[in-house]
Amino acid sequence: DIRGLTFMAIANLLQSKPGDTGKSPMGKKAWELMECCQFVPVKYLSRYSSFAAGAGSAPSMSMYNRNQPRDDGDVPNSYFPKTADYGMIYIFEHVEGVVGSYPATEGFLYLLTTLIKVAGCPSDLGSHWRLRPGCSPYIEYVTDFILPRASGTARHVKPLPFLTVADEGRLTSRALEVVEAVLVRYVVPLALDRATLSELRESNCLTMKAANEELGLSSNTSAIFCPNDSLDEDDANDFSQDFNNICLYPQNVDPGSQMLEVSYGEPVSLPKTPGFFILSSLLSTSKGQLLQIIQKLISENGGSRDIQSFYGKSVMSKLLAIALFRETPPSFSNSREYNELVGRQQRNQLDDASCKTAMTYLLHSMIQQPSPAVLDFCFEDAFSFETTNCAPDDAVLWRERSLLLSMRILCAAAAREEPFNRAIKHSPKQLSVVPTLLFIGPIHGSYSHRFAEEQKVNTARLSQILTKGSTGAHGWNYSFNILPI
């Protein structure tokens, strides 16, 4: 809890004041400090990491949790070893995952969202030691690790445990806030070779106008587009480079630099911007993972129709337990321990004084902190800092928020699909995306990480993708419940 509140406090200190325009220098500095802290263990998960290849020091084999009990077809609880070297992944899997509540991860996601709002996604982040600089590792941490684990779509690992349905909705909402913030800042440039800032702003205005007049998204325009004064020359340059497969060759790397990534003599594909990565996944004709997750979030448990009946029950049950038992709600483990103490006393194995002391300790272990301990902040607008206070245990509110964010993400993608698909079609060569991180446990000395997974970019209109999914054609596996037809 303290770590999560610390992340939230830092995020609140970084928020822009009313009237501020442009990117915050303090936000850029915060990005650099976070990179130095290695909260996301890029050096262990990078596809070009010298540590993963065996050139660095390996974690002890005793940390790999090999002796933990497994079931469900020998599926592990986690991919990763029990070592703090894995930063927020270690905390997520081996600390918070044991309890089923994820306050530190939620605070970290809140900080990521704030940094994207105030400073964008710097393309040179980590350039002093990474072959592939930029913020892509942090966005992939959300889209390829947190969201699949939170939604239960991650393969070859047990489902993520949640203490309450409110914990599930809160974690999912925080992750979706990051995705939305990235997508809102992305603008498809008019010129694919090298767009100027004025051309990028013109493209933003044209896309916004088309969303208002042709797509009927006027009520959501302010939430799914960024203001022009938040764009700068770096954005124009970065977004233009997305439509060229730029490679870095080994001879272009300074041999005297202290790089912790190695290319083994092969050309290294520079990562696309996070906005391109997310939009290409949502509009992919090959069943993008992010779109599948959003589709699942929208349609599961009856969608928006059964929020009160499904999620309201947990809220009502907790309120009834608080009303009846106050701060000491019962649990199965506590009840079993109580029965054991009573049984030992009846068999004269425990005297009255010892039994009273044990009962006191048991009662203390049952006491829970007042709820809510804190009030969480929710961003009401995708680009502003208008917030509302939300009780962290309000399952209905967090479920509604995850649905709202899912729909806004789809709206933001739909508003950009026409210029994006046109730019993909007119790009000089077949575009591809090579993720920066590989979210599997380390195999020390293995060469498997060297085989970068190149994903060809093939996109279509969002309506066509969802329609194909609803009819079950062409091997798509989407539910028709996502479509309002």
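The secondary structure of the protein chain comprises 17 helices and 6 strands, as seen in a model that is predicted. Of the 485 residues in the chain, 49% are buried, and the accessible surface amounts to about 23,400 Å², with 54% of that area belonging to carbon and sulfur atoms. When contacts between residues at least 6 apart in sequence are considered, 76% of them join residues at least 24 apart.

**Helices H2 and H5**

Two packed helices are described by the angle between their axes and the distance between the axes. For helix H2 (residues 25–37) and helix H5 (residues 103–119), the axes come within 9 Å and cross at roughly 140°. Angles over 145 degrees would count as roughly antiparallel and those from 65 to 115 as roughly perpendicular, and H2 and H5 are therefore oblique to each other. The crossing of these two helices is left-handed. On the H2 side the contact is made by Gly-27, Lys-28, Ala-30, Trp-31 and Met-34, which meet Phe-108, Leu-111, Leu-112, Leu-115, Ile-116, Val-118 and Ala-119 of H5. Sorted by class, the residues in this contact are 10 nonpolar, 1 polar and 1 charged.

**Helix H11**

Helix H11 (residues 274–282) is largely enclosed by the rest of the structure, because 9 of its 9 residues are buried. The buried residues in H11 are Pro-274, Gly-275, Phe-276, Phe-277, Ile-278, Leu-279, Ser-280, Ser-281 and Leu-282.

Arg-149 lies in helix H6 (residues 136–151), whereas Arg-155 is placed in the loop between H6 and helix H7 (165–185). Their relative accessibilities are set out below.

| Residue | Relative accessibility | Class |
|---|---|---|
| Arg-149 | 3% | buried |
| Arg-155 | 65% | exposed |

With buried taken as under 20% relative accessible area and exposed as over 50%, Arg-149 counts as buried because its value is 3%, and Arg-155 counts as exposed because its value is 65%. If neighbours within four places in sequence are left aside, Arg-149 is in contact with Asn-77, Phe-92, Glu-93, Ala-154, Val-157, Lys-158, Pro-159 and Leu-160. For Arg-155, the C-alpha atom is separated by 9.4 Å from that of Val-75, a residue 80 positions away along the chain.

Note on methods
Residues are numbered from 1 along each chain as its sequence is written. This is a predicted model: local features need pLDDT of at least 70, side-chain atom pairs count only at pLDDT 80 or more; totals for chains, interfaces and linings use all residues. Side-chain values use heavy atoms; hydrogens and water are left out. Helices (H or I, at least four residues) and strands (E, at least two) are DSSP runs, numbered from the N terminus. Buried means under 20% relative accessible area, exposed over 50%, partly exposed in between (1.4 Å probe, protein chains only). Contact means heavy atoms within 4.5 Å. Accessible areas come from the Shrake-Rupley method with a 1.4 Å probe; for residues, only the protein chains shown count as cover. Axes are lines fitted to C-alpha atoms, for helices over the stretch in contact, and angles run from 0 to 180 degrees between N-to-C directions. Angles under 35 degrees count as roughly parallel, over 145 as roughly antiparallel, 65 to 115 as roughly perpendicular and the rest as oblique. A crossing is left-handed if the near helix is turned anticlockwise from the far one by less than a right angle, and right-handed if clockwise. Ala, Val, Leu, Ile, Met, Phe, Trp, Tyr, Cys and Pro count as nonpolar, Asp, Glu, Lys and Arg as charged, and the others, Gly among them, as polar.
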